[in-house]
Amino acid sequence: MTLIDELRALLGEAGVLDAEALATRTAGAFRRDNLQALALARPASTEEVSKLLRFCSARQIRVVPQGGLTGLVHGADAAPQELILSLERMRRIERIDVLQRVAVAEAGVTLQALQEAVEAQGLAFALDLGARGTATLGGNAATNAGGNRVLRYGMMRDMVLGLEVVLADGTVLSSMNELIKNNSGYDLKQLFIGSEGTLGVITRLVLRLREQPGSSQLALAGLARFGDLPLLLKHLERELGGELTAFEVMWQDYYRLVSTAPARGQPPISQQYPFYALVEARGVAPERFQAVLALAMEAGLVADAALAQSEADALAFWALREDVEQVARDGMPLVYDISLPIGAMEAYTRELAAALSRLLGDAHRLWIFGHLGDGNLHLVVQLQPQAYTAARPQVDALVYAPLAALRGSVSAEHGIGLEKKPWLAHCRNDAELRLMRTLKTALDPQGLLNPGKIL
């Protein structure tokens, strides 16, 4: 009996795709290659995940868990001798409790599917990101996803009340807590949130919901100086009394790129400003939002602004910020996701731009945008294909090396995966790294789960 036959005996005919079938599946976002592995296992329940991992543990088969493949750090890459474990058949939203304001769902449910299901009940799941239609809840938890509303609601770990996880030996750890306050010893779920599938496979989640806000206000503002951005942020947070949900910023080059994309139409405001802020407040009356924005304009913090007058306007504004695919239109992008103090951003980005120009001359473009309200910037260095491989190590060093002195992070929300592993020590000390390795050894002594990622 072949390995594929044995796997199908465990999971059924529909539960396994062989290597030939995998060759037609993309390896993920912004990728030009296809999946490769021994096979792709598609269990349909926690019990089947447990059986599969017991099987793999006994035979020392390495397993790579995969969600929606929207990650950007090669955190779900599999080698030809490894087995992919996909939760794409585990897409049940088991329960939405309107009174307790929790949802219980399987890990393969997409973020958008949960958002739409809870909105039908007058509730909201606060996490939101551009890949909502593909990214899965299990992947969101495994990578501790951030997104557009971290400023108000926090990261994914702030929205997870309970988890069910299968360990490397097949043990099912069911910690499906539904309470906001439960201070009864170690909070075990936190071990697995952000662990990128290296400590266990998340199969089910209990998620905290919020009341659907009665209104949502959105504005796109143009600013003349970087120094006005943190002042505007402080003004909005103070005057809106905690109702500011998002504070997204686009540097001028990025705004010009996405606002003149094919068939985009007239930009909402002029392309002449050095910086643009996309500001969202949920649950605030339009009159109050407009008054607060008017005060910012009177104070000289905002040079120009456009208010979303309809849902269509709001979607169009957000489409500008989320149209990241444009950065790959005329070259190959190196995508970076970093955190650093807001006060250090202007000097850091200016010095990075100068260093890239010295290294690459006119053979590159630099795009900058991100969730500035929570200290997260996305940097994209666009290169021509012939320069991509040779220049990458040098560009990585220019982006990451200065962050240690600034007490920044090489990964704000994307995770470490394979791509950022060489730079992890720039933001984690030796004691932290030793403890990470201790946890990995304790929970996965054979090193079978997502091998080589993070550590």
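This is a predicted model: local features need pLDDT of at least 70, side-chain atom pairs count only at pLDDT 80 or more; totals for chains, interfaces and linings use all residues.
Figure 1. In total, eight aromatic pairs are counted. Phe-226 and Trp-251 form one of the tilted kind, with 5.9 Å from centre to centre and 50 degrees between the ring planes. This pair links distant parts of the chain, 25 residues apart: Phe-226 belongs to the loop between strand S12 (216-223) and helix H8 (228-239), whereas Trp-251 belongs to strand S13 (residues 244-251). Ring pairs join Phe-226 and Trp-251 with Phe-275 in a cluster.

**Figure 2. The aromatic pair of Tyr-400 and Trp-423****.** The ring centres of Tyr-400 and Trp-423 are 5.5 Å apart and the planes stand at 45 degrees, so this pair is tilted. An angle under 30 degrees would count as stacked and one over 60 as edge-to-face. Tyr-400 is part of helix H13 (residues 385-400), while Trp-423 is found in the loop between H13 and helix H14 (430-443); the pair therefore ties together parts separated by 23 residues in sequence. Tyr-400 and Trp-423 are both buried.

**Figure 3. The crossing of helices H9 and H11****.** Helix H9 (residues 252-259) and helix H11 (residues 311-322) have axes that come within 9 Å and cross at roughly 120 degrees. At this angle H9 is oblique to H11. The contact involves Tyr-254, Tyr-255, Val-258 and Ser-259 on the H9 side, and Leu-320, Arg-321 and Glu-322 on the H11 side. By residue class, the contact of H9 with H11 comprises four nonpolar, one polar and two charged residues. The crossing of H9 and H11 is right-handed.

**Figure 4. The packing of helices H8 and H10****.** H8 packs with helix H10 (residues 286-298) at an angle of about 145 degrees, and the two axes are 10 Å apart. H8 contributes Leu-232, His-235, Leu-236 and Glu-239 to the contact, and H10 contributes Arg-288, Val-292, Leu-295 and Ala-296. The residues of the contact of H8 with H10 divide into five nonpolar, one polar and two charged. The crossing of H8 and H10 is right-handed.

Notes. Residues are numbered from 1 along each chain as its sequence is written. Side-chain values use heavy atoms; hydrogens and water are left out. Rings of Phe, Tyr and Trp (its six-membered ring) pair if their centres lie within 6.5 Å; planes under 30 degrees apart count as stacked, over 60 as edge-to-face and the rest as tilted. Helices (H or I, at least four residues) and strands (E, at least two) are DSSP runs, numbered from the N terminus. Buried means under 20% relative accessible area, exposed over 50%, partly exposed in between (1.4 Å probe, protein chains only). Axes are lines fitted to C-alpha atoms, for helices over the stretch in contact, and angles run from 0 to 180 degrees between N-to-C directions. Angles under 35 degrees count as roughly parallel, over 145 as roughly antiparallel, 65 to 115 as roughly perpendicular and the rest as oblique. A crossing is left-handed if the near helix is turned anticlockwise from the far one by less than a right angle, and right-handed if clockwise. Contact means heavy atoms within 4.5 Å. Ala, Val, Leu, Ile, Met, Phe, Trp, Tyr, Cys and Pro count as nonpolar, Asp, Glu, Lys and Arg as charged, and the others, Gly among them, as polar.
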